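Please look at the sequence and the 3D structure below before reading on. The briefing after them goes topic by topic.

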Amino acid sequence: MNKYTALIIDDHPIISEAYKSALLQVQKQQENISFNIHIAHNCDTAKEIISDFSDRKKTIDLVFLDISIPPSKDKKLLSGEDVGLMINRVFPSSKIIVSTTFNDNYRIQSILKNMNPDGFLIKNDVSPKELVSSIVEVLTNPPYYSKTVMKLFRNQLTNNFILDDIDRKILYELSLGTKLKNIENVPLSTSGILKRKRHLMQIFDLESSDDRGLIIMAKEKGFI
Amino acid sequence: MKNSILIKILLCLCCVFFIGIACTSSISKEKKPSKDTSKQDSIALWIKASKNKKLTSSQQQKQLEKAYLKLQSTTKDTLHAKNLSNIAYQYLELKDATAFHKINNETLQLALQLKDSFAIADAHWSYANYYYHNKNYEKSYFHYNIAYNHFEGIQRDFETAKMLYQMSFIKGIYRDYTGSEVLIIEAIKKFKALKNYEQLYFSYNFLGGLQKDIQEYDKALFYQEKALAYLDRFENKKNYRSSIFNNIGNTYRYKKNYTKAIEYYNKALSKKNRPDQLARTTNNKAYCKLMLHDTLGIQQELFRALRIRDSIADKTNILSSKIFISRYYEYAKKIPLAFKYAQEANIMAKKLKNGSNYLETLQQMANLDPKNAKQYLERYIQYNDSLIGVERRVQNKFTRIEFETDEHITENKLLEQQKNWIYLGSFGMLLIISLLYILKVQKSKNEKLLLETAQQKATEEIYLLTLEQQAILEEKKVQERNRISQELHDGILGKLFGTRINLGFLEITKNKKVQEQHQYYLEELQDIEKEIRDVSHQLNTDTTNTDINFTNLIAQLLQDKSILGNFKYKLTLSEQISWKTVNELVKVNLYRIIQESLQNIIKHANASQVLLAFSKEQEHLVVELTDNGIGFNSNKTTKGIGLKNAHSRIQKLNGKFHLSSVKNQGTSIHIQLPITITI
């Protein structure tokens, strides 16, 4: 009999309830598995629970993690991403299932890269059945990625060029409609960014210097 | 800019003014009639023929008549006046007083009409000559004076000096010695400047005579020597020399140095003499001999002189001959004879109004007839007084003539000056008025221009403001869309998901059909989620479409104007143009030009259709605005301010602007601009 400690982090009670149902469903189907379930609706509660477990020298085995949750009051944890990184640090062996409504490639990519979760679910992809099976998969044979994430991987594998973080960041900002001079978080001057942009145009084989074409292409190729 | 225009205008006006003057003066100078040359030649020929001494005077007069008739057919100009004057003078020479008066008067009138000072003076000179020969010295002096003033006015120095000489001569006759001396010295000055030695000879000879008359004999001799010296400096007729010798002899005679006098008379007689000169010198010499009591041959000589004088009817000198003969008979103690000649001389002197000789004969008669001496002396005194009175009166008259002419001249000068001032004043006024007018026009033009620029600036500002407003609006829109997208995505979608999953975990254990339906609705819910997600997604990604502001504005403009101008329009925008890269200044200018052009279409073209197309050709943005209105002749029409503006705007942006219009077929504007502009 394996007893797992599970932590559900989601700001919507109805969703956390759904995960709980799913866990219970797993417990019901797999006789050797049982869950000790904790629920947090924001970063602060999540942090408290984690600290509590850590203090008691106990570990958390499975985490359902939503990305967009209310940040901590001290603003140290801004989103589920930060919480995930904290869990990775405190409980390196815990398995995290990121479950988010985000479906833009850039965010998915960056979460995958930063956190490397054992499961990645795009909420809309998932049906109750799939949810159950994903839990089992992650526990027994990780990783488990939902359909949209799989598609992204495939797109990127077929591309024969590599964009670095800065390229992706620029594309992402442009897709948000940010003006060139207002792009922050990129360690480049405006002319530097322009150069990168022209380079990206060449990569995507675009003629017009229109941002729109660039962004559409980048989306198509799964960079954002 | 304003200043430079003013200067230009002034220059132009000045040019026009001076060219005008130059033209009128050159015209008046060059207007010598060429067709008249042959006529002029024949006139000159006839006048010359009339001077031919071989012809009889009636023949000479005929020549003059021909010349005069021919002259009538020529233009009344300066040359005409000159010829007239010549003819008049010839009549004077021929002693035809009536013809002379008629023609000289005609000359004078024409000269006055032409304002030809020389001709006026010339005519007066002729009159003076005429009166002088008729011994009407007062009138002669009057005309000489007028001629003198005219000649002086046009700086004809020779003629001026000649007039002075003549006037001096007349004054001398009336014993106004001082006045005469002043005039002759003035004449000498002028002749000296002209180096006219002949006239200097005459002048000094006359001056010597004057000095002799006031009994300054040494001075007289000094001047006469001078006259003699001048004789060597020009080629002269021989009788000039005998004349001066005779005069020097006279001076010595009056000085009572009779030997010296006889010496000079002999010198004079050794030269060639005219009969009157011969008579005079012979007479004088005989008188000197008489004074030296050398009576040998005197009687014959005196009578020879008288005979010569009788033969040439030289009345004045016959008189002096008779006086000398009377003196001779007195000396020879043949008193009755002496008295007879004195009496004859006295009657002649009275007839000739020769005052000095009349007095002399009276004295002589008193000497010869002691019985009646008292009576003669009384007549002498009476006449002498009246003579002095006459002389004084004439002298006064001369002064008055001079004064009146001077006054007349100054008055004329004043009038001329006044006229000049009026001309100058009116020209100045005209200049000032035209300047003021030009200034006013310029000012209103400038004001219009300023207004135009201000308006232009305002429209540009409005455009930029609209653009800004549009941008803010767009931003707000995007923000709102993003917010809705966020809401849908994070809130609603999450809740739906939770609800769906929870529903899925509900144990539905009724019949199979219910279970299937449950499953179906679950899937339906998932689809709804997907749809919402797509909507949210689209809302979010449309943000890149914010750069259509300019085209929006153009479309709006077209729409507004089409309602105003009641025309249909079509706007074509090439997809190739990325408006974001087009410089804002280019957009502003394009907007402004399109706005202006549309305004023109509404105002003038009467078009029912307007096409506006933006396209890209290589690296150029091409704008084409075409209407199907009434058009105009684009070659003939001078460019309006709007068109000029458009031109200069495009030129500033390194572009090309072309307008073509065909009457009744419409107008088309073609603008080509480089896309990447560095301003």
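Predicted model: local features only at pLDDT ≥ 70, side-chain atom pairs only at ≥ 80, totals over all residues.

In chain A, what share of the contacts with a separation of 6 or more comes from residues 24 or more positions apart? The share is 65%.

**Chain A**

- Chain A has nine helices and six strands.
- Of its 224 residues, 51% are buried.
- The accessible surface of chain A is about 11,100 Å², and carbon and sulfur atoms hold 49% of that area.
- Helix H4 of chain A, residues 105-115, is largely enclosed by the rest of the structure, because nine of its eleven residues are buried.
- Among the buried residues of H4(A) are Tyr106(A), Arg107(A), Ile108(A) and Met115(A).
- A network of salt bridges in chain A links Asp10(A), Asp66(A) and Lys123(A).

**Where chain B meets chain A**

- The contact involves 32 residues of chain A and 27 residues of chain B.
- Together the two chains bury about 2,500 Å², with 54% of this area on carbon and sulfur atoms.
- Six residue pairs are in polar contact across this interface, both residues being at pLDDT 80 or more.
- On the side of chain B that touches chain A, the elements giving two or more residues are helix H19 (373-505) and helix H20 (512-541).
- H19(B) gives the most to this side, with 14 residues.
- By type, the residues on this side of chain B are five nonpolar, 14 polar and eight charged.
- The count of salt bridges across the interface is zero.

**Salt bridges in chain B**

- Over all chains, the whole structure has 23 salt bridges.
- One of them joins Glu186(B) to Lys189(B), with the closest N and O atoms 3.9 Å apart.
- Both residues of this pair lie in helix H9 (residues 177-194) of chain B, three residues apart, or about one turn of the helix.
- Glu186(B) has a relative accessible area of 30% and is therefore partly exposed, while Lys189(B), at 55%, is exposed.
- Glu344(B) and Lys340(B) form another salt bridge, their closest N and O atoms being 3.4 Å apart.
- These two residues are about one helical turn apart because they are four residues apart in helix H17 (residues 335-352) of chain B.
- Glu344(B) is partly exposed at 25% relative accessibility, and Lys340(B) is partly exposed at 40%.
- A salt bridge also joins Glu301(B) and Lys289(B), whose closest N and O atoms are 3.5 Å apart.
- This pair links distant parts of the chain, with Glu301(B) in helix H15 (residues 298-311) and Lys289(B) in helix H14 (residues 275-291), twelve residues apart.
- Both Glu301(B) and Lys289(B) are buried.

**Two buried residues of chain B**

- Tyr264(B) belongs to helix H13 (residues 258-270) of chain B.
- Its relative accessible area is 9%, so Tyr264(B) is buried.
- Apart from neighbours within four places in sequence, the contacts of Tyr264(B) include Glu225(B), Phe245(B) and Gly249(B).
- The C-alpha atoms of Tyr264(B) and Gly249(B) are 5.0 Å apart, although 15 residues separate the two along the chain.
- Lys212(B) sits in helix H10 (residues 197-213) of chain B.
- Lys212(B) counts as buried because its relative accessibility is 16%.
- Beyond neighbours within four places in sequence, Lys212(B) touches Tyr217(B), Ala220(B), Asn250(B), Thr251(B) and Tyr254(B).

Note on methods: Residues numbered from 1 in each chain as written. Chains lettered and ligands numbered in written order. Heavy atoms only, no water. Contact = heavy atoms within 4.5 Å. Buried area = accessible area lost by both parts, 1.4 Å probe. Salt bridge = Lys/Arg side-chain N within 4 Å of Asp/Glu carboxyl O. Polar contact = N/O pair within 3.5 Å; in protein donor to acceptor, adjacent residues only side chain to side chain. Nonpolar A, V, L, I, M, F, W, Y, C, P; charged D, E, K, R; others polar. Buried < 20%, exposed > 50% of the residue type's maximum accessible area, 1.4 Å probe, protein only. Areas by Shrake-Rupley, 256 points an atom, 1.4 Å probe, with all protein chains shown as cover.
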